[in-house]
Structures are given as structure tokens and as C-alpha cells.
Amino acid sequence: MSGWSDSAVVYEIYPRSFQDSDGDGIGDLAGITGRLEYLEWLGVDAIWLAPIYASPLADFGYDVSDHESVAREYGTLSDFDDLVAAAHDRGIRVVLDLVVSHTSIEHRWFRERPDFYVWADGPEPPNNWRASFGGPAWSRDPVSDRLYLHSFYAEQPDLDWRNPELREAMSGVVRFWTDRGVDGFRVDAVDRMVKDAALRDDPPAAEPFPLPMDPEVRKLDLIHSRDSPEIGLALAALRDAAGDRPLIGEVYLPVARVIRYLDYFDAVFAFDLLHSGWRVDEIGPAIDRSNEAGRVAWVTSNHDFPRVASRWGPENVRAAAVLLLTLGGSAFVYQGEEIGMIDGEPTQPHLDRFGRDGCRRPMQWEGDPQNAGFTTGRPWLPVVDPELRNVADQRIEPGSVLTLFRRLIELRREIHGSPRRLDAPSGALMFTRGRHLVAINLGAASVGVDVPAGAESVLVTDPRAACDGGRLTLPPHAAAVLGLPAGGGG
Ligand code: NOJ
């Protein structure tokens with residue numbers, strides 16, 4: 001299991017918000033195809049499409065009602081084939097989101113194949129498991145009067161991967177898409193695929209779960225409701241169906257607990273980094289833990305959490321870009337991060353019940369304050385600030401965040417070797433990778449750093465950064481990549 005994804009830059013497209021081609025205010029597949037020229041110019045190796053399948057949108061596509069279809073508002077299977085062919089022509093691979101731990105309650109399987117789901121009988125839920133979005137993880141089906149399990153919304157019943165026929169059906173889904181030329185998969189909610197067979201209670205937690213989560217869920221030690229020791233029975237089936245195409249796992253667990261998933265996955269997301277505060281004593285250890293875990297996919301934002309500019313501060317977007325794109329492994333860039341987009345203020349009413357609309361606002365292609373070049377109609381969510389941040393302006397501006405992203409994506413092809421963290425002055429993070437040294441000032445004060453004599457600046461995020469006579473000066477929030485003299489690297 002190693003291949004094209006190992007050090008790839010994968011660009012996450014949230015299809016609803018990327019580019020509309022027919023004026024209905026909702027992004028679509030033809031819109032994505034029309035923007036491939038941009039993605040090739042940016043230099044990404046692959047695109048990951050968040051779910052494109054038919055869905056009643058209880059969880060905006062993560063409630064799939066037909067895994068072998070394209071949602072009507074996104075286009076047709078023929079549009080999908082066109083997108084894959086056009087992407088491949090430009091050397092861009094296509095990664096789909098496999099939503100396999102649950103379906104929509106409107107999936108035909110829920111009625112036709114109840115044995116594909118997890119059920120319980122009796123007046124009360126059989127255990128204390130909680131749904132990630134709040135409330136009990138069990139709801140009553142009014143038709144059968146039985147309780148069904150749902151790790152997320154009640155509209156998303158959990159599949160039973162212990163059932164070999166379900167495994168075969170889902171393997172068929174994987175093959176359906178690989179036959180259409182899909183190059184790999186991001187696999188959703190992997191840690192929920194298999195749970196305790198005896199449905200035992202989760203015991204109370206000694207300390208809260210270390211990643212952000214519903215407060216009630218965090219009070220439990222999540223050892224039975226997810227992350228079963230028997231997860232291999234499910235993952236082996238997926239691995240088999242995907243062949244040598246990369247599988248990237250979304251395992252929402254601290255990185256130390258994801259290592260065993262690497263028996264089946266090419267990489268797993270390193271959420272410890274995403275959820276670190278912008279401080280050396282949080283980011284540094286998160287990187288170290290992730291590197292110890294092995295093949296991680298680095299990610300600093302996605303469609304579920306506040307964007308980098310909103311979480312770590314707009315002043316840090318350049319330094320954060322250097323971090324994401326120099327760490328080694330694969331790097332996942334969420335659409336809009338390359339122009340430093342910020343989250344939109346909450347709109348009323350919420351479309352996403354879990355409050356994630358802010359990071360899902362439309363991509364800002366141009367400065368038009370109404371639609372940002374995203375649509376000719378009315379965007380499904382309002383645009384944030386296209387006058388301040390848009391692709392068209394930043395593409396021609398040498399000092400823009402976009403120019404920096406493009407240069408970093410180009411530069412990372414020359415950076416090789418495992419990361420080795422170095423001691424650094426307070427507020428700074430430093431590591432070497434082979435013949436390169438990366439120095440990032442996370443703080444608001446200037447820092448001076450001793451570097452090997454002969455080190456030369458290859459990239460700086462701030463023109464005031466200087467490397468001279470074995471001393472690198474980094475202004476506040478700045479980062480630099482240096483080339484080391486022979487024998488000076490790690
Ligand atoms: C993780 C996805 O990224 C998120 O958007 C979704 O709500 C849950 N999995 C459930 O599918």
C-alpha cells in the first residue's frame with residue numbers, strides 16, 4: 001500500500017460550494033470540470049469530492065440514499081465521467097468520499113434489507129451510547145417499532161458490517177466507482193463501522209475525549225460504541241474492493257489510537273494537529289505524535305471545522321500554509337484555504353443543524369460582492385467577503401496567499417526526508433527534512449534563530465525575513481524554508 005497518494009497534495013472540494021454552472025446557486029460537477037484549469041495551475045495532485053451522491057441532505061450528502069448515483073443538483077453520471085476524464089487529461093486524480101458507516105434513512109436498504117442495519121428491541125435503548133451530534137444513539141423506527149442505531153443524526157442509521165452480505169454490497173459500490181475511473185477514496189467515519197457485538201455501555205471517561213465533540217459524548221470512555229478491535233473485518237473488505245487504490249481514513253480518534261487502522265489504509269488524517277491551538281507546545285507535540293503513528297494525511301481544515309484564518313487567526317494563514325505543505329506525508333487543502341478564506345458569520349436559519357455553515361460558504365473566484373463568480377444566481381449560502389479575498393485578484397498578485405500556496409506546492413516536490421524536530425527559541429517551531437530546514441514563528445514577536453552557516457533562504461512568507469551569516473530573523477507570524485549546505489541536514 002504505497003503509491004501516488006503518499007506525498008500528494010489533495011484538494012478538498014465541497015461540491016455544493018465550489019462552482020455552479022447552471023445558475024441554481026448550488027455548485028455542480030460541470031462547475032468543477034470548468035475549474036480544472038485553475039487546479040492544474042495551482043499544482044494539486046488530486047481532488048477529493050465530498051459526497052456527490054443522491055441525498056435528502058439531513059447531513060448535506062453524508063446521508064446517502066443511493067451510493068451509485070449523482071445528486072440531481074450536481075448533475076449526472078455522464079457529467080461525472082466527463083469530470084474524471086478531464087481531470088485525468090490534466091494529470092489530476094479523483095478521490096471520492098465513501099460514506100460507509102451509515103446511510104440515509106431514505107436509502108432503499110433500510111426497508112428492503114433491515115439486516116444491513118443494527119437493531120434492538122425493548123422499551124428502552126439497550127445501552128448508553130450517544131450520537132455525535134447530540135442525544136441518544138438509538139431511535140425508534142415507527143414502521144417496525146424497533147430501535148435502530150445511529151452514530152450521527154437519526155436520519156443516518158448505522159450499517160452492520162458484521163453482516164457479510166452488507167460487506168459484499170458495499171464492495172460492489174467501491175467497484176462501481178473504480179470501474180468509472182476513480183483513483184482512491186476518503187473513507188468517512190471509519191471508527192464507527194464496527195461496534196461492540198454485545199452492545200455494552202461505554203464506561204464513564206476518566207478524562208474528557210481529547211478531540212472536540214458533543215459535551216455529553218465526551219463524558220464517556222468511547223471504547224464500545226466505536227473503534228472495535230474487530231474493525232479489521234470491515235476494513236479488509238474495503239481494501240480488497242479498492243485494490244491498490246489509496247484509502248485515506250477519517251478516523252476521529254487521537255492519533256495514537258489510529259495506528260492499527262494503517263494495516264488497511266494508506267493514510268489516516270492527523271486530527272491532533274487540526275485541533276491544536278496555534279502554540280508551539282500544542283502543535284509541536286501533535287506533529288511528533290502523528291509522525292510516530294506513521295502514514296498520516298495532514299489536514300488543517302475541512303468542511304467540518306472552522307477555517308485556519310478563523311481558528312488560528314488571519315495573520316497566521318501564511319505560516320500555517322508552510323506548515324501544512326512541508327510536513328511530509330500527504331497534505332489535504334480545503335477549497336478556499338489557498339486564498340485565506342475566513343468563516344462566514346452564522347446565518348439564520350442554520351442550514352446545517354450542527355452549525356457548520358460558516359466554513360462551507362461559496363468559493364470566492366471574483367470580487368463580485370453578490371456571488372463571487374460562484375454562480376450567476378443566488379448562492380445557496382451567502383458569500384463571505386469576495387471583495388477582500390478572491391482567486392482572480394490573488395492569481396496575479398505576487399505577494400498573495402494564493403501565490404504562496406502555489407509556490408509551496410511546487411517546492412514540496414523538492415523536499416524529501418523524514419521530519420526531524422529541532423530545538424527552537426520560544427515561539428518558534430523548527431524541523432529539518434533532508435536538505436531543507438523549516439522555521440515557523442507562531443508568535444507576535446520577532447525571533448532570531450541560529451541556523452547552519454551557509455543555509456540559504458528558499459522561501460519566506462514575509463519579505464522582512466532575513467537569513468544572514470548563520471542567523472535567521474523571522475518577523476511576527478512569519479515562516480521560512482531554507483536550503484541547507486551539504487552535511488547540514490538531518
Ligand atoms: C464526517 C464528515 O466529514 C461529516 O461532515 C459528517 O457529518 C460525518 N462524518 C458523518 O458522516
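Which residues are around the ligand? In this predicted model, local features need pLDDT of at least 70 and side-chain atom pairs count only at pLDDT 80 or more, while totals for chains, interfaces and linings use all residues. Residues are numbered from 1 along each chain as its sequence is written, and side-chain values use heavy atoms, with hydrogens and water left out.

**Shell around the ligand**

- The residues around the ligand are D59, Y62, H102, F133, F152, R186, D188, E250, H303, D304, R356 and R360, where a residue is near if one of its heavy atoms lies within 4 Å of the molecule.
- This shell has seven charged, three nonpolar and two polar residues; Asp, Glu, Lys and Arg count as charged, Ala, Val, Leu, Ile, Met, Phe, Trp, Tyr, Cys and Pro as nonpolar, and the others, Gly among them, as polar.

**Polar atoms facing the ligand**

- A polar side-chain atom of D304 lies 2.5 Å from an oxygen atom of the ligand, and for D188 the distance to a ligand oxygen is 2.7 Å.
- An N or O atom in the side chain of H102 is 3.0 Å from an oxygen atom of the ligand.
- The protein buries 97% of the 300 Å² that the ligand exposes when taken alone (Shrake-Rupley method, 1.4 Å probe).

**The largest pocket**

- The ligand takes up the space of the largest pocket.
- The lining of the largest pocket consists of 22 residues, and F133, F152, D304, F305 and R356 lie nearest its centre.
- By class, the lining of this pocket divides into ten nonpolar, nine charged and three polar residues.

Note on methods
A polar contact is a pair of N or O atoms within 3.5 Å; within protein, one must be able to donate a hydrogen and the other to accept it, and residues adjacent in sequence count only if both atoms are side-chain atoms. On a 1 Å grid over the protein atoms alone, a cavity is a set of points where a 1.4 Å probe fits but cannot get out, and a pocket is an open set with protein on both sides within 12 Å along at least five of seven lines; lining residues have an atom within 4 Å of a point. A molecule sits in a cavity or pocket if more than half of its atoms lie within 2 Å of its grid points.
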